[in-house]
Amino acid sequence: MSLPTIEELASQLEAVSGAAEVSPDAPLQHITDVDSLDLMEWLYGFQTKYPHIPADETLFADLDDTTTLRDVYAKIVDLVPAQA
């Protein structure tokens with residue numbers, strides 16, 4: 001099962017939001033052009049592209065001024081089913 005890299009996720013969020021750059025270590029709420037609707041659209045695209053990873057809106061449940069894409073990525077890694 002494939003797991004996207006954090007750089008791939010940043011590129012996908014850039015494409016959805018129109019943001020010039022999404023740094024994995026920048027707080028999501030402080031990235032120009034990224035808002036909650038962009039995050040939900042990005043999540044929908046993620047769910048479509050990686051249906052084997054059970055990601056949902058709980059990825060953003062505790063989103064605050066310090067939450068970065070790297071924090072979200074760590075949650076995604078935890079969701080990846082273990083290979084038998």
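At what angle do the axes of helix 1 and helix 3 cross? In this predicted model, the axes of helix 1 and helix 3 (residues 69-79) cross at roughly 120 degrees and come within 10 Å. The crossing of helix 1 past helix 3 is right-handed. On the helix 1 side, the meeting residues are Ile6, Leu9 and Ala10, and their partners in helix 3 are Leu69, Arg70, Tyr73 and Ile76. Sorted by class, this contact holds 6 nonpolar residues, 1 charged residue and no polar ones.

Turning to the chain as a whole, the protein contains 3 helices and 0 strands, arranged along the sequence in the pattern α-α-α. The C-alpha trace spans about 40 × 25 × 20 Å along its principal axes. A compact globule of 84 residues would have a radius of gyration near 12 Å, and the protein chain agrees with this, at 12 Å. Of the 84 residues, 35% count as buried. Contacts that bridge the sequence are also worth a look: among those between residues at least 6 apart, 60% join residues at least 24 apart.

Asp33 lies in the loop between helix 1 (6-17) and helix 2 (36-49). Although Asp33 is not a glycine, its phi is positive, at about 80 degrees. With a relative accessible area of 47%, Asp33 is partly exposed, since the exposed class begins over 50% and the buried class lies under 20%.

How values were computed:
Residues are numbered from 1 along each chain as its sequence is written. This is a predicted model: local features need pLDDT of at least 70, side-chain atom pairs count only at pLDDT 80 or more; totals for chains, interfaces and linings use all residues. Side-chain values use heavy atoms; hydrogens and water are left out. Helices (H or I, at least four residues) and strands (E, at least two) are DSSP runs, numbered from the N terminus. Buried means under 20% relative accessible area, exposed over 50%, partly exposed in between (1.4 Å probe, protein chains only). Axes are lines fitted to C-alpha atoms, for helices over the stretch in contact, and angles run from 0 to 180 degrees between N-to-C directions. A crossing is left-handed if the near helix is turned anticlockwise from the far one by less than a right angle, and right-handed if clockwise. Contact means heavy atoms within 4.5 Å. Ala, Val, Leu, Ile, Met, Phe, Trp, Tyr, Cys and Pro count as nonpolar, Asp, Glu, Lys and Arg as charged, and the others, Gly among them, as polar. The radius of gyration is taken over C-alpha atoms; the globule rule is 2.2 Å times the number of residues to the power 0.38.
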